[in-house]
Amino acid sequence: MKDISQYVEIEQIYAQTLGNGYRSLSIVSPGVGSGCTSIACALAFRHAAVGQSVLLVDANLRSPTIDQRFSLKRSRWPNNVATLESHLQQVAPAIYALTANLDGAVEIKANEYLNALNNHFKDKFDVIIFDTSPLNVVNRNNVPAETVAAQTEATLLIVKGGETTEADLRQAHAKLLDKVNLVGAVINDQNNPRLADELVREADRLSKWLPSVANKLKALIAQNNFLNMAT
């Protein structure tokens, strides 16, 4: 998984979330593969860089990945939140992780459990970041993302460019509306083609009839730094 903690965009996201004084943050998305875990981890490292302690909580029981990213073990969360401390694992100086519960979501779906978790750890860490299950993918083993988000001071929505539909976004927004403090949205356009790629594809259409013109156009496109900026 790519390390994006040094990207300038992360600095902008940080300034709008944890850098703005929020002490608990949930990262949510309409569907799978939007990059929530990458954003959560990048923000954790950014906050730790200013001498703050961070707890990363993997509440994505559908497809947890924090344990894989940092080569951690998963365990069963106890009913007594106070004993969760023994389940924390250090991933970097000032950063600890609570990997996804092995027993599913039965006990921790309740608002009371999540509220107790927040209250217990907010005195031990400067910030708590929750990685969540996709809003629009629901099954009995998930902790609904909107349930997690309702327990945090701020929520950040991640949208996958080119894949998340308007209907997906409307459905996700309806679940968050009037329940969370939505402080921003991020469009992950990693899989979108560059503008240069699109223009070259159009120029290729001329190759059959005007090959020399097509080649000149593609050469000009290749030399243009703006058109070749990575998305």
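Me: How many helices and strands are there in the protein chain?
Reply: This is a predicted model. The protein chain has eight helices and seven strands.

Me: What share of the residues counts as buried?
Reply: Of the 231 residues in the protein chain, 46% count as buried.

Me: And the surface, how much of that belongs to carbon and sulfur atoms?
Reply: The accessible surface of the protein chain is about 12100 Å², and 51% of it belongs to carbon and sulfur atoms.

Me: What about contacts in the chain, what percentage comes from residues 24 or more positions apart?
Reply: That is 77%, counted among contacts with a separation of 6 or more.

Me: What span should α2 have, and what does the model give?
Reply: At 1.5 Å a residue, α2 should span 18 Å. Its end C-alpha atoms are 18 Å apart, which agrees.

Me: Next, salt bridges. How many does the structure hold?
Reply: The structure holds three salt bridges.

Me: Which residue does glutamate 11 form a salt bridge with?
Reply: Its partner is arginine 46, with the closest N and O atoms 2.8 Å apart. This pair links distant parts of the chain, as glutamate 11 is in helix α1 (residues 8-16) and arginine 46 is in helix α2, 35 residues apart.

Me: Is arginine 46 buried or exposed?
Reply: Arginine 46 is buried because its relative accessible area is 18%, and the cut-off for buried is under 20%. Glutamate 11 has a relative accessible area of 36%, so it is partly exposed.

Me: Which residue pairs with lysine 124?
Reply: Lysine 124 forms a salt bridge with glutamate 85, and the closest N and O atoms are 3.4 Å apart. Glutamate 85 is in the loop between α3 (66-69) and β3 (89-92), while lysine 124 is in the loop between α4 (111-121) and β5, 39 residues apart. Glutamate 85 counts as partly exposed, at 37% relative accessibility. Lysine 124 is also partly exposed, at 43%.

Me: Where do arginine 170 and glutamate 166 lie?
Reply: Both are in helix α6 (residues 166-176), four residues apart, which is about one turn of the helix.

Me: Now a new topic. Where is aspartate 131 found?
Reply: Aspartate 131 is in strand β5 (residues 127-132).

Me: Which side chain of opposite charge is nearest to aspartate 131?
Reply: That is arginine 69, 8.0 Å away. Aspartate 131 is buried yet has no salt bridge, because a salt bridge needs a side-chain nitrogen of Lys or Arg within 4 Å of a carboxyl oxygen.

Me: So which side chain does aspartate 131 join through a polar contact?
Reply: Its side chain has a polar contact of 2.5 Å with the side chain of threonine 37. Threonine 37 is one of the buried residues of α2. Leaving out residues up to four places away in sequence, aspartate 131 also touches others, including Ile27, Cys36, Val57 and Asp58.

Me: Last one. Is glycine 51 buried or exposed?
Reply: Glycine 51 is exposed, with a relative accessible area of 59%. It is found in the loop between α2 (36-48) and β2 (54-59). Its C-alpha atom is 9.6 Å from that of aspartate 126, and the two residues are 75 residues apart along the chain.

Definitions and conventions
Residues numbered from 1 in each chain as written. Predicted model: local features only at pLDDT ≥ 70, side-chain atom pairs only at ≥ 80, totals over all residues. Heavy atoms only, no water. Helix = DSSP H or I, 4+ residues; strand = E, 2+ residues; numbered from the N terminus. Buried < 20%, exposed > 50% of the residue type's maximum accessible area, 1.4 Å probe, protein only. Lys, Arg positive; Asp, Glu negative; His and termini not counted. Polar contact = N/O pair within 3.5 Å; in protein donor to acceptor, adjacent residues only side chain to side chain. Contact = heavy atoms within 4.5 Å. Areas by Shrake-Rupley, 256 points an atom, 1.4 Å probe, with all protein chains shown as cover. Expected span 1.5 Å × (residues − 1).
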